[in-house]
Amino acid sequence: MAQGGFKSNPNKPNSKKPRPAHKKKKQRQLSKGWKSFAAKGRKCAFAKQEAQTTKTINNRNEIAVAARAVGAGNTFALKDIKEAGKKEIGKQKDVLRKRESKSLKMSERLREQVEKLK
């Protein structure tokens, strides 16, 4: 009989046994404390308004930059930015056309008035 040749180690995990799946812990719903209540009042309303204003400004800036980039001939992988840039270019062209047509009409009116005075 062999002495001490085979010894089972109960602390060593069996590699063939399937491991238990990790479960996500649920986050507790707060019922007390300042985090469980929504902020309200003048300062909160002002902060929300400021955040909303910042978002709209950032959105306009992004569209303007996209228009410049699309106009310069750069290619885009993001389709929504590309479309927004094309729309912005169209809007800018319309505004320019209106300005030019107004200035032409005004110059014509001024010429007619000068001719009448002569």
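Reader: How do you know that the span of H2 agrees with what its number of residues leads one to expect?

Author: In this predicted model, H2 has 39 residues and should, at 1.5 Å a residue, span 57 Å, and because its end C-alpha atoms are 57 Å apart, the two values agree. The expected value is 1.5 Å times one less than the number of residues. H2 runs over residues 79–117, and the chain has 2 helices and 0 strands.

Reader: What makes the pair Asp-94 and Arg-97 a salt bridge?

Author: The N to O distance between the side chains of Asp-94 and Arg-97 is 2.7 Å, and the cut-off for a side-chain nitrogen of Arg and a carboxyl oxygen of Asp is 4 Å, so the pair meets the definition. A search of the whole structure finds 1 salt bridge.

Reader: Where do Asp-94 and Arg-97 stand relative to each other in helix H2?

Author: They are separated by about one helical turn, because Asp-94 and Arg-97 lie 3 residues apart in helix H2.

Reader: Why is Asp-94 called partly exposed?

Author: Its relative accessibility is 37%, and since buried means under 20% and exposed over 50%, with partly exposed in between, Asp-94 therefore counts as partly exposed.

Reader: Which residues of H2 are buried, and what covers them?

Author: Ile-81, Gly-85, Glu-88 and Ile-89 are the buried residues of H2, and their cover includes helix H1, residues 42–72.

Notes: Residues numbered from 1 in each chain as written. Predicted model: local features only at pLDDT ≥ 70, side-chain atom pairs only at ≥ 80, totals over all residues. Heavy atoms only, no water. Helix = DSSP H or I, 4+ residues; strand = E, 2+ residues; numbered from the N terminus. Buried < 20%, exposed > 50% of the residue type's maximum accessible area, 1.4 Å probe, protein only. Contact = heavy atoms within 4.5 Å.
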